[in-house]
Amino acid sequence: MGLGEQISPPDPPKRANGSTTASIKSYAPATGELLGEAKVYSPVEVQAAVERTRIAQEAWGLLPVEERAERVLRFRDAIMDRAEEVVDLLARETGKPRHEALSHEVFALADLITYYCKNAASILAPREVPLHLLKHRRSVLHYVPRGVVGIISPWNFPLVIPMGDTVAALITGSGVVIKPSEVTPLIALKAKEIWDSTGLPEDLLQVVTGFGETGKALIDAGVQKIVFTGGVATGKRVAAACGEKLIPCVMELGGKAPLIVCEDADLERASRAIVFGGFANSGQVCIGVERVFAHESVYEGVVSRVTELSKKLRQGDSMAELVDVGAIIFPKQIEVAEKHIADAVAHGAKVEAGGQRKEGPGQFFEPTVLSGCSTDMTVMREEIFGPIVPIMKVSSDEQAIELSNDSHLGLNAYVFTTDRDKGRRIAERIEAGSVVVNDVLINYACPETPFGGVKDSGFGRVHGDDALRDMAEVRHINFDRIKPPSKDPLWYPYSHKTYQWSLRGLRALFSGRGLLQRIGELL
Ligand code: NAD
């Protein structure tokens, strides 16, 4: 396990019957206050929840897409009515500023639900696929419900991540069982409470709180798809468990987003983007800025402006005061940040801002800027998931691209340049699921586009039209265009004559510029 690998609390002890002895306690990271408790679902209870969801899904799956979308909009409206209550709980349970709870979670979720509900009927409408050879037949793709989708989610965006995936699954006609992070169970339970208040089928959406064991039990409970968001190490275990059961899965894992500052960049915008992209949610963002490659001609300017801006950030409990940066989710993450900084300093980096934990109550770590960084430092290679921005000098765009790609992760990447075409050319060469030019984090707010990673950042996508179709099961229906003959020449009995015809047909169609290509050129 690397320094940056996420460290969740250990699973609690088990009773002989497999149920757990402990409940989950949720503490406010900014104050240490106990916010509430949630039960730990045993495997037997998870199985029962999946069965109840399956029964509720049978009727739900029969509804036309338009009707499902209309009902899901009721859920959105109920969240809107209680938006401030949700924002406050998010801010308390995660320690993030209320501004971020509002815009990065509640707003983003409302927009995603709206986009999907507005467009689901056309995205999921049966699609005819023109057949290039078998002109006597037609193929139509239908998007049918899978059954029960299991969603296993992390603590850093405990509303928008699980509920965004939930809404996609519900619209496609599936039921959903969510296993939220053990660190933030209350917000998932709040979403469930809001769902139940809308008069929508209660069992269709269920939340099974618990630790990793509960997540494991969900995979074993007979679900038809898993959408997992979390760390790489857990993701590998989850993907293996899904593979064992041949359950399709989406893996949304860690990131190590590079941000390239080209020679011609707007330095003020680039510096502000680094500070916002690096310290939003205290750096606990899978697409947060995790390493900066600044061209040597602008490096000094970037370091000094980023340092200046970082020192001005207000940090604290957003429930008590106006702050820019909130708390760190649990103490272990602070130790991870300290180890990265110590390693970086030992390898020659300079701490330009921050670098220290703040004394309690609550868990806080100062927004930290490191200059003079190099790729032999853990802070430049492993996911940090904390408020640290390491900056490295590069001599060319070419070197920046090469170093950006020299990573086992590939979720997001950023390029800053005033030459839009150059920005796009660089973006095309970066190995990542999304590359954003002259902005940060913004792609998560584009519900029309796919979101996900390459390499160890995972596979499969959420958001966008294809991900909605993937949430459903595709059923290919192939049927005759004209009345077929009673005796099909391609069926039994085989004869030497039919073999010769097939051979002639094969050559006519596929040799050189065969018949098929010539027909294609004529049409
Ligand atoms: P984590 O991997 O520790 O936990 C994620 C979830 O998996 C939790 O609900 C946990 O209880 C559950 N889990 C643990 N062991 C399990 C098992 N064996 N079987 C089934 N479920 C199990 O991750 P975390 O610390 O909650 O979240 C932080 C990580 O998530 C970071 O690495 C971050 O980059 C990543 N993340 C990725 C995205 C993305 O979209 N790619 C978004 C947010 C966070």
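Reply: Here is a run through the labels, one at a time.
This is a predicted model, where local features need pLDDT of at least 70, side-chain atom pairs count only at pLDDT 80 or more, and totals for chains, interfaces and linings use all residues. Residues are numbered from 1 along each chain as its sequence is written, and side-chain values use heavy atoms, with hydrogens and water left out.

Me: What does the pLDDT say about the chain?
Reply: pLDDT is the predictor's confidence in each residue, from 0 to 100. The chain averages 95, and 95% of the residues score at least 70. Residues 1–18 stay under 50, though the model has 45 contacts for them beyond four places in sequence (contact means heavy atoms within 4.5 Å). Where pLDDT is low, the predicted coordinates should not be read in detail.

Me: Which domains is the chain divided into?
Reply: Domain 1 covers 23–253 + 463–474, domain 2 covers 257–448 and domain 3 covers 493–522. The bounds come from an automatic or database domain assignment. The C-alpha centres of domain 1 and domain 3 are 49 Å apart.

Me: Why do strand 7 and strand 21 count as edges?
Reply: Strands here are DSSP runs of E, at least two residues, and helices are runs of H or I, at least four, numbered from the N terminus. Two strands pair if DSSP finds at least two bridges between them. The open sheet of six strands runs 7-6-5-8-9-21, with mixed pairing. Strand 7 (205–207) and strand 21 (458–459) each have a single partner strand, so one side of each is left without a neighbour in the sheet.

Me: What makes strand 6 and strand 7 a pair?
Reply: Strand 6 (residues 175–179) and strand 7 share three bridges in the parallel sense, and the cut-off is at least two, so they pair. Glutamine 206 in strand 7 is the bridge partner of valine 177. Helix 1 (residues 43–62) lies across strand 5 (148–152), strand 6 and strand 7, at about 155° to strand 6.

Me: Why is helix 4 called roughly parallel to helix 5?
Reply: The axes of helix 4 (residues 98–123) and helix 5 (residues 160–171) cross at roughly 10° and come within 9 Å. Axes are lines fitted to C-alpha atoms, for helices over the stretch in contact, and angles run from 0 to 180 degrees between N-to-C directions. Angles under 35 degrees count as roughly parallel, over 145 as roughly antiparallel, 65 to 115 as roughly perpendicular and the rest as oblique. That makes the two helices roughly parallel.

Me: Which residues meet there?
Reply: Among them are Leu109, Leu112 and Ile113 in helix 4, and Val160, Met163 and Val167 in helix 5.

Me: How do strand 3 and strand 4 pair?
Reply: Strand 3 and strand 4 (residues 137–144) pair in the antiparallel sense over three bridges. Arginine 127 stands opposite leucine 141 in strand 4. The open sheet runs 3-4-22 with antiparallel pairing, and strand 3 (127–129) and strand 22 (473–480) stand at its edges.

Me: Where are the cis peptide bonds, going by omega?
Reply: One runs from glycine 360 to proline 361, with omega near 5°; proline 361 lies in the loop between strand 13 (357–358) and strand 14 (364–365). Another runs from tyrosine 492 to proline 493, with omega near -5°, and proline 493 is in the loop between strand 22 and helix 16 (496–510).
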